[in-house]
Amino acid sequence: MTEEIVTRSSDGICIIQMNRPEKKNAITQNMYRKMAEALQMADKDDAIRVAVLCGSQNLFTSGNDIRDFQAHSATQKADQPFAADAFFKGVLELRKPLIAAVQGYAIGIGTTMLLHCDLVYASQNATFSLPFVNLGLCPEFGSSMMLPRLAGHQQAAELFLLGEPFTADHARSVGLVNQIFPDETLMEEVMTIAGRLAQKPPRALMETKKLMKASWANDLRKAIETDGKMFFELMMGPEAAEAFAAFTENRNPDFSTSS
Ligand code: COA
């Protein structure tokens, strides 16, 4: 069976690749768990100096697997552990630099996770979106705080409330992306940058990352908690149920009777 998360390490760089192209790299519970394990391993292994998150076949990810959301909400247990939590714990606890290389779709959690990376590089064909409202949901994992902090309220409101796709150029203009490269050279450019980081003194890198995040770490923790509570409440609700059903039935959702 093809591995849906492929992890490989060399020259101090750990690459964590999402690899479920037949479902546009939609992330399942198992994939989150595998990515969490890879991040923990990258953190512990002294030989690893930097981690790179990427997709496959010209796709980053189409976000959380919507059928998983549907299955989770069907259990009606908002407090049931969701493996995305373990993945974000791995991201937040990673002391080493985390780079994202984004090609193609970066939808939902695919864009949320970029807010928590240290460096984000995109190819010209990258398309981002935060379609939570369209799915009857709300921002997740502290992005309700992180995106307005990065882009300002109005820019963030446009992306969250309308939930429409946006280009790599737009992502760069709001500060989400460091640099845009041609589709064909993205990975090569990212590996060159990762290689430069891997040569640097590791303790100085880690302490610098920690210092940059220290002043707002508590606010982020609170935002993750409040986003999470509301996200799960909405996920159990009728608007999300209609949006998930519309996706699986390949039709437009009907929110006309929502109140
Ligand atoms: N969850 C579950 N399955 C997904 C998925 C997701 N997030 N994204 C894509 N897929 C599946 C499709 O259901 C389809 O499965 P099938 O072949 O069994 O029918 C397969 O991946 C291919 O997707 P398809 O929609 O045919 O490809 P496309 O190129 O026409 O469109 C997308 C690609 C990503 C624009 C579209 O699939 C999409 O909008 N996905 C949902 C994105 C989303 O809302 N994510 C949740 C964010 S919280």
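Trainee: Two strands count as paired if DSSP finds at least two bridges between them. With that in mind, how many bridges join strand 7 to strand 8?

Mentor: Please note at the outset that this is a predicted model. Strand 7 (residues 127-129) and strand 8 are joined by two bridges and run antiparallel.

Trainee: What is the bridge partner of T127 in strand 8?

Mentor: The partner of T127 there is T167.

Trainee: And in what order do the strands of that sheet come?

Mentor: The order is 5-7-8, in an open sheet of three strands with mixed pairing. Strand 5 (105-107) and strand 8 (166-167) are the edge strands, and each has a single partner strand, so one side of each lacks a neighbour in the sheet.

Trainee: What about strand 2 and strand 3, parallel or antiparallel?

Mentor: Strand 2 and strand 3 (residues 50-54) are parallel partners, with five bridges between them.

Trainee: Is strand 2 buried or exposed, then?

Mentor: Six of the six residues of strand 2 (residues 13-18) are buried, so the strand is largely enclosed by the rest of the structure. In a regular strand, side chains alternate between the two faces of the sheet. In strand 2, I13, I15 and Q17 point one way, while C14, I16 and M18 point the other way.

Trainee: Where is S56 found?

Mentor: S56 is in the loop between strand 3 and helix 2 (66-74). Its relative accessible area is 5%, and because buried means under 20%, S56 is buried.

Trainee: Which residues is S56 in contact with, leaving aside its neighbours within four places in sequence?

Mentor: They are Q17, M18, N19, R20, P21 and N25. Q17 and M18 are also among the buried residues of strand 2.

Trainee: On to the helices. At roughly what angle do helix 1 and helix 3 cross?

Mentor: Helix 1 (residues 29-44) and helix 3 (residues 83-93) cross at roughly 20 degrees, and their axes come within 8 Å. The two helices are therefore roughly parallel to each other. Their crossing is left-handed. Among the residues making the contact are Y32, M35 and L39 of helix 1 and F87, G90 and V91 of helix 3. The contact residues comprise nine nonpolar, two polar and three charged.

Trainee: And how do helix 2 and helix 11 cross, left-handed or right-handed?

Mentor: Their crossing is left-handed. The axes come within 10 Å and cross at roughly 140 degrees, which makes helix 2 oblique to helix 11. Helix 2 contributes I66, R67, F69, Q70 and S73 to the contact, and helix 11 contributes F244, A245, F247 and T248. These residues divide into five nonpolar, three polar and one charged.

How values were computed: Residues are numbered from 1 along each chain as its sequence is written. This is a predicted model: local features need pLDDT of at least 70, side-chain atom pairs count only at pLDDT 80 or more; totals for chains, interfaces and linings use all residues. Side-chain values use heavy atoms; hydrogens and water are left out. Axes are lines fitted to C-alpha atoms, for helices over the stretch in contact, and angles run from 0 to 180 degrees between N-to-C directions. Helices (H or I, at least four residues) and strands (E, at least two) are DSSP runs, numbered from the N terminus. Angles under 35 degrees count as roughly parallel, over 145 as roughly antiparallel, 65 to 115 as roughly perpendicular and the rest as oblique. A crossing is left-handed if the near helix is turned anticlockwise from the far one by less than a right angle, and right-handed if clockwise. Contact means heavy atoms within 4.5 Å. Ala, Val, Leu, Ile, Met, Phe, Trp, Tyr, Cys and Pro count as nonpolar, Asp, Glu, Lys and Arg as charged, and the others, Gly among them, as polar. Buried means under 20% relative accessible area, exposed over 50%, partly exposed in between (1.4 Å probe, protein chains only).
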